[in-house]
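Welcome! Here is a short briefing to read alongside the structure below.

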Amino acid sequence: RNLNASRTMSAPATQIAADARKLKKAQARQTRVVGEASELPRASAGKLSLLEQVKVDKATADDYLRRCAALDQWLDSVQLKRSSVTDLMMGLLEYLDHLLLQGHELGD
């Protein structure tokens, strides 16, 4: 009986310790990106959002930025406007068609 009581007592202590670790990580992350937060707008200015910065690893972020740059270059080369979300979406669809016609795989 006493053994069972100590097991149930350790579960809340374990949870408290886990919560403390999460809080410490969150505080470190906030400290790391707090200077970035004042640089708004971010995503609409072509920068990674704060969430992307914190959660996306460098290789994925580099690949994402490379693909965005390629899309921008192509839109410029064919003189497609992107002054609205609709224009950008239509341009993206045209770009994807272009890539498929160039022989890129669907997963590229």
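A residue is called buried when its relative accessible area is under 20%, exposed when it is over 50%, and partly exposed in between (1.4 Å probe, protein chains only). By that scale, methionine 89 counts as partly exposed at 44% relative accessibility. This is a predicted model, in which local features need pLDDT of at least 70 and side-chain atom pairs count only at pLDDT 80 or more, while totals for chains, interfaces and linings use all residues. Residues are numbered from 1 along each chain as its sequence is written, and side-chain values use heavy atoms, leaving out hydrogens and water.

**Helix α4**

- Helices are DSSP runs of H or I with at least four residues, numbered from the N terminus.
- Helix α4 covers residues 85-101, and at 1.5 Å a residue its 17 residues should span 24 Å, which agrees with the 24 Å between its end C-alpha atoms. The expected span is 1.5 Å times one less than the number of residues.
- Which residues of α4 are buried? They are Asp87, Gly91 and Tyr95.
- Seen down the axis of α4, these buried residues fall within an arc of 70 degrees, so they line one face of the helix. The arc is taken from the directions from the helix axis to the C-beta atoms.
- Val85 and Thr86 are exposed on the other side of α4.
- After α4 comes glycine 103, with a positive phi near 100 degrees.

**Around leucine 80**

- Leucine 80 sits in the loop between α3 and α4, and it is partly exposed, with a relative accessible area of 32%.
- Not counting residues up to four places away in sequence, leucine 80 touches Trp74, Leu75, Gly91 and Glu94. Contact here means heavy atoms within 4.5 Å.
- Leucine 80 and leucine 92 are twelve residues apart in sequence, and their C-alpha atoms are 9.9 Å apart in space.

**Salt bridges**

- A salt bridge is a side-chain nitrogen of Lys or Arg within 4 Å of a carboxyl oxygen of Asp or Glu. How many does the structure hold? It holds five salt bridges.
- Arginine 66 pairs with aspartate 63 in a salt bridge, with the closest N and O atoms 2.5 Å apart. These two are three residues apart in helix α3, so about one helical turn separates them.
- Aspartate 72 and arginine 82 also meet in a salt bridge (3.7 Å, N to O). Aspartate 72 lies in helix α3 and arginine 82 in the loop between α3 and α4, so the pair ties together parts that are ten residues apart in sequence.
- Arginine 82 forms a salt bridge with aspartate 76 too, the closest N and O atoms being 2.6 Å apart.
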